[in-house]
Amino acid sequence: MNPVARVEVLASQSGGSLEDQQADVGQGNRVFRVDRQRIERAVREILIAIGEDPDREGLRETPARVARMYDELFGGLHEDPRVHLRKFFTEKCDEVILVRDITFNSMCEHHMMPFMGKAHVAYLPRERVVGLSKLARVVEAVARRPQVQERMTEQIADILEQELGARGVAVVIEAVHTCMTIRGVRKPDSLCVTSAMRGYFRNRSSTRAELMTLIYGNRR
Ligand SMILES: [Zn+2]
């Protein structure tokens, strides 16, 4: 780690689409849940549309099962990921804090098919430090909604930067998209990698290089 110089954190105070999303839902957890009955009706319609009999034994419970599953998979939509960062402690720390290999599942909003993978989340604190598990909680809340990987990466970085006032934030996500592996171009081994760098990680190549060694060092 380099000696700490006075470099301003790039402030992207645009707020982002996440806040717009949250505005409708209010603050805190679980203001309302998904409309399960509506999902059940819709899934029944899909079964009929593909030429199935939704009343045959194997499918009878399927609409209800899918509704419960969507409630779980989209639960993050009704949760404010920022609440996980509100409990911080003040610590003089000049080193990179990285949580690597945070597994997640999300849902591609273009195809309503899952994408899953790992997130690596790092920050260089100014003075606010949070429990390590909180970074995983943020990833989880942002993942559990209709998503695209690029936006998810940016959202996590923006939330960390805004809530922690960190000198730098870095988010790298590697994911397999089932909409690419089992349909469409069908490339089962393709891995999509996205990154969002803020502050020191964006401005200083040495800090970024240190991060990449921490993430990938023993894997290359
Ligand atoms: Zn897709």
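This is a predicted model: local features need pLDDT of at least 70, side-chain atom pairs count only at pLDDT 80 or more; totals for chains, interfaces and linings use all residues.
Two residues are in contact if their C-beta atoms, placed from the backbone, lie within 7 Å.

**Stop 1: helices α4 and α5.** Select V138, V139, V142 and A143 in α4, together with M152, Q155, I156 and I159 in α5; these are the residues through which the two helices meet. By class, this contact comprises seven nonpolar residues, one polar residue and no charged residue. Display the helix axes next: they lie 10 Å apart, and the packing angle is about 135°. The arrangement of α4 and α5 is therefore oblique, and their crossing is right-handed.

**Stop 2: the nonpolar core.** Select V121, V139, I156, L160, V169, A170 and V171, which have the most contacts inside the largest nonpolar core, a set of 32 residues. At least two residues of this core come from each of β3 (113-124), α4 (132-143), α5 (149-164), β6 (168-177), β7 (192-199) and α7 (200-203). Now centre the view on V171. Leaving aside neighbours within four places in sequence, V171 is in contact with A119, V121, T153, I156, A157, S195 and A196.

**Stop 3: helices α2 and α3.** Move to α2 (residues 36-49) and α3 (residues 62-73), whose axes are 8 Å apart and which pack at an angle of about 130°. These helices are therefore oblique to each other, and α2 passes α3 in a right-handed crossing. On the α2 side, select R36, I39, E40, V43 and R44; on the α3 side, select T62, P63, A64, V66, A67, R68, Y70 and D71. The contact of α2 with α3 divides into seven nonpolar, one polar and five charged residues.

**Stop 4: V34.** Select V34, in the loop between α1 (16-23) and α2. Residues up to four places away in sequence aside, V34 touches I39, Y70, D71 and F74.

**Stop 5: the whole chain.** The protein chain has eight helices and seven strands. Of its 220 residues, 29% are buried. Among contacts between residues at least 6 apart in sequence, 74% join residues at least 24 apart.

Definitions and conventions. Residues are numbered from 1 along each chain as its sequence is written. A nonpolar core is a set of buried Ala, Val, Leu, Ile, Met, Phe, Trp, Tyr and Cys residues joined through C-beta atoms within 7 Å. A residue is buried if 20 or more other C-beta atoms lie within 10 Å of its own, exposed if 12 or fewer, and partly exposed in between; C-beta atoms are placed from the backbone. Helices (H or I, at least four residues) and strands (E, at least two) are DSSP runs, numbered from the N terminus. Axes are lines fitted to C-alpha atoms, for helices over the stretch in contact, and angles run from 0 to 180 degrees between N-to-C directions. Angles under 35 degrees count as roughly parallel, over 145 as roughly antiparallel, 65 to 115 as roughly perpendicular and the rest as oblique. A crossing is left-handed if the near helix is turned anticlockwise from the far one by less than a right angle, and right-handed if clockwise. Ala, Val, Leu, Ile, Met, Phe, Trp, Tyr, Cys and Pro count as nonpolar, Asp, Glu, Lys and Arg as charged, and the others, Gly among them, as polar.
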